Each structure stands twice: as C-alpha cells, then as structure tokens.
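Grab a pencil and work through these exercises with the model open beside you. Try each task before reading its solution.

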Amino acid sequence: MITVAPLASQKIPAWNLLSMSVLILGLCLSAIVTYALHKILWRAVRLQREASDQRSRLERTGLSLMEIKTQLDLVIDNVDEGVVLYDDQLNPIQANASFLTLFRMAENSPSMENGRRHHAAMARIFGRETRYQSLFEEIRRDPVRTFTDELEMPSPREPGAPGRRTFLRRGVAVADAQGELHAILVIFKDISMIKDIERVKDE
C-alpha cells in the first residue's frame, strides 16, 4: 500500500508582503506626484503664455495711446480756438498754444499750475466772476449737456491794446458711464469780428 502525504501549503513570508505593499504604494505615489508636477508645469506654461500675450497687448495699446495723444496734441495746437482741459477739481491740466496766446498766459506760470490762481486770473480778464464761473456750475449740475455762452473781455486800458473782444465759450464734461465727472473741456472762440459786423449792420 502506497501512502501519499499531502503537499505542505507554502506560506509567503510577512516581510515579502510588506515589501510588495511598499513597492505598490511607492509606484502610486510616484504616479500621483508625476501627474501633479506635469499639471503644475502645464499651468505655469499657460500662465506665462497668457502673461506674455497680455504684455504684448498692453505694449501695443500703450503705443497706440501715445500715438493718439501725439496726434491730438498736434491737432489742438494747430487750431485757432483756445482749448483748455481741467481735472475734476478744476485745476488746468493742459492748454493749447492758442489759449495761452489769447489770455496772455505761460505754460509754466502760476496761473496754469494752480486752479485757484488760474480761475481768479480768468475772472479778472473777463471782469465778471459770476458769469465766468457759471459754466462750471452748470456742467457739474448736468454733466451730459454741452454748455455754451458768450463772454466779453472789457477794453483794456493799455494804449495800443486791442479793443473789446467777445468769445464764444463751449464746455463739455468728460464723465464715465456712471456719470462721474473726471474732467471738463472748455473751448474759447474769438467772435469779435462777427460781433463787430453785426453791430455795423444794426447801425
């Protein structure tokens, strides 16, 4: 009689299972870290590309704005009308050559660097402060409307100086979509000759 002994079951050592678990865990962590690293790098490249595009766009816009400002300055300085721009506190920001010539002001003079002195000088020129200030009060009350009036410059007492002069004054607000006032643009046009012709016709 032949007796067959059962095969002994082979047990896997505990340290071997631990090594396999550590290996699998290490591989999973490596895959997760690799994925996260690639995602971070891809996002960094995308942000860098967007920043480069934005910078190029801003540079192009800046150049365009500079070109527009240069062209605008050239146009303003070649018109006969006196043009002056005030900020929201009524300080003069910019005036063209015609304005400075019409009212005998210098670009760097105190009357062009300080709002209070500027408007005091303008009120003296026209001799009627209330009438002069009315434009700014009307524009503050209704920034949407263009304000137009006429101002007369009294005849100067100096010999040889030009006689009485009349100016057509137009003022418009520079406001945003919410109606907040940011600046006021004022244009002075000398209409003295037209007024003289009208007076001759009336006579």
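Find out what share of the contacts with a separation of 6 or more comes from residues 24 or more positions apart.

*Solution.* In the protein chain, that share is 41%, where contact means heavy atoms within 4.5 Å. Before going on, note that this is a predicted model, in which local features need pLDDT of at least 70, side-chain atom pairs count only at pLDDT 80 or more, and totals for chains, interfaces and linings use all residues. Residues are numbered from 1 along each chain as its sequence is written, and side-chain values use heavy atoms, with hydrogens and water left out.

**Exercise 1: the parts list**

Count the helices and strands, then read off their order.

*Solution.* Step one: take helices (H or I, at least four residues) and strands (E, at least two) as DSSP runs, numbered from the N terminus. Step two: count them, and you get six helices and five strands. Step three: walk along the sequence, which gives α-β-β-α-α-α-α-β-β-β-α.

**Exercise 2: a residue in β3**

Is Leu151 buried or exposed?

*Solution.* First, locate Leu151: it sits in strand β3. Next, recall the cut-offs: buried is under 20% relative accessible area, exposed is over 50%, and partly exposed is in between (1.4 Å probe, protein chains only). Leu151 has a relative accessible area of 4%, so it is buried. Last, look at its partners beyond four places in sequence: among them are Phe126, Tyr132, Phe167 and Phe188.

**Exercise 3: two helices meet**

How do α4 and α5 pack, and which residues meet?

*Solution.* Start with the geometry: the angle is about 125° and the axes are 8 Å apart. Axes here are lines fitted to C-alpha atoms, for helices over the stretch in contact, and angles run from 0 to 180 degrees between N-to-C directions. Under 35 degrees is roughly parallel, over 145 roughly antiparallel, 65 to 115 roughly perpendicular, and the rest oblique. So α4 and α5 are oblique to each other. Now the residues: His118, His119, Met122, Ala123 and Phe126 from α4 meet Glu129, Tyr132, Gln133 and Phe136 from α5.

**Exercise 4: into the core**

Which residues touch the most other members of the largest nonpolar core?

*Solution.* A nonpolar core is a set of buried Ala, Val, Leu, Ile, Met, Phe, Trp, Tyr and Cys residues joined through side-chain atoms within 4.5 Å. This core has 27 residues, and Phe99, Phe103, Phe126 and Phe188 touch the most other members. Elements that each supply at least two residues include α4 (115–126), α5 (129–141) and β3 (147–153).
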